[in-house]
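Reader: I have some questions about the labels used for this structure. Please go through them one at a time.

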Amino acid sequence: MFTGIIECLGKIEDISVDGTNRSFWVSSPISSQLKIDQSVSHNGICLTVDALDIHRHRVTAIAETLAKTNLDKQQIGDFLNLERCLPLSGRLDGHLVQGHIDCTAICTQLTDKDGSTEISFHFPEKFTHLVIEKGSIAINGISLTLYNLSRDTFSVSLIPYTWAHTNLQFLQLQQEVNIEFDMVGKYIQRRMQNGY
């Protein structure tokens, strides 16, 4: 379980393909502190550390993960948002994030608000029942509050710190991001759909 509060950026140093799997060597300030079999959020995707080297670690994504996320579009030199799991003694500064991506969304607008950055996204309309105005959403693993909600669009605003310390600073128009909708909302919807 994660909180959506990004610890650092990791840089992709190497990518290898084995069948339908794709492995990524990532260098980061926390790589030397990781352990084999540890779960780490990479752009909001819960991935298992399967190899370690000095100041870098490796994770592998299977076909299902590649199909539902933006990992298949990542290249050597790209930066990923990294977060280790929340310890039970830790603070929940963002919101509960599982690391299970629901879909991707497309960046449609980037606006400098002279103190913050507003970003607008288009997402698949079939997920509209999982979002509410001023609700929580994880974008590339970042816990954010959405607004300007329509059936298939929403906006978020980033304070300068979040902009400078996450990979959204590199975001381009029409680029895909990973989306995880609020877990609590999913359970409420499930309960309502089943009438109990």
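Reader: Why is L96 called partly exposed?

Author: This is a predicted model, and in it L96 has a relative accessible area of 31%. Buried means under 20% and exposed means over 50%, so L96, at 31%, is called partly exposed. L96 lies in the loop between β6 (79–84) and β7 (103–112).

Reader: What makes L96 part of a nonpolar surface patch?

Author: Patch residues need over 30% relative accessible area, and nonpolar side chains are joined within 5 Å. L96 has 31%, which is over that cut-off. The patch is made by M1, L92 and L96 and covers about 240 Å².

Reader: Why is G44 called buried?

Author: G44 has 3% relative accessibility. The cut-off for buried is under 20%, so G44 counts as buried. G44 is found in the loop between β3 and β4.

Reader: Which residues are in contact with G44, leaving aside its neighbours within four places in sequence?

Author: They are G99, H100, I101, N140, G141 and E180. Contact here means heavy atoms within 4.5 Å. For I101 there is also a C-alpha separation from G44 of 7.1 Å, with the two residues 57 apart along the chain.

Reader: How do you know that β3 and β4 pair?

Author: Pairing requires at least two bridges. Strand β3 (residues 39–42) and strand β4 (residues 45–53) have four bridges, so they count as paired; the sense is antiparallel. S39 has T48 in β4 as its bridge partner. The two strands form a hairpin with two residues between them, where N43 takes a positive phi near 55°.

Reader: What makes β4 and β5 a pair?

Author: Four bridges link β4 to strand β5 (residues 56–61), in the antiparallel sense. At least two are required, so the strands pair.

Reader: How do you know that the strands close into a barrel?

Author: The order of the six strands is β1-β2-β5-β4-β3-β6, with antiparallel pairing. Neighbouring strands of this sheet are turned by 45° against each other on average, direction ignored. The two ends of that order, β1 and β6, are themselves joined: four bridges connect strand β1 (residues 8–18) to β6, running antiparallel. Pairing needs at least two bridges, so β1 and β6 pair as well. Within this pairing, G10 has L80 in β6 as its bridge partner.

How values were computed:
Residues numbered from 1 in each chain as written. Predicted model: local features only at pLDDT ≥ 70, side-chain atom pairs only at ≥ 80, totals over all residues. Heavy atoms only, no water. Patch = residues over 30% accessible without salt bridge, like charges linked within 9 Å, V, L, I, M, F, W, Y side chains within 5 Å. Areas by Shrake-Rupley, 256 points an atom, 1.4 Å probe, with all protein chains shown as cover. Salt bridge = Lys/Arg side-chain N within 4 Å of Asp/Glu carboxyl O. Buried < 20%, exposed > 50% of the residue type's maximum accessible area, 1.4 Å probe, protein only. Axes fitted to C-alpha atoms, helices over the stretch in contact; angles between N-to-C directions.
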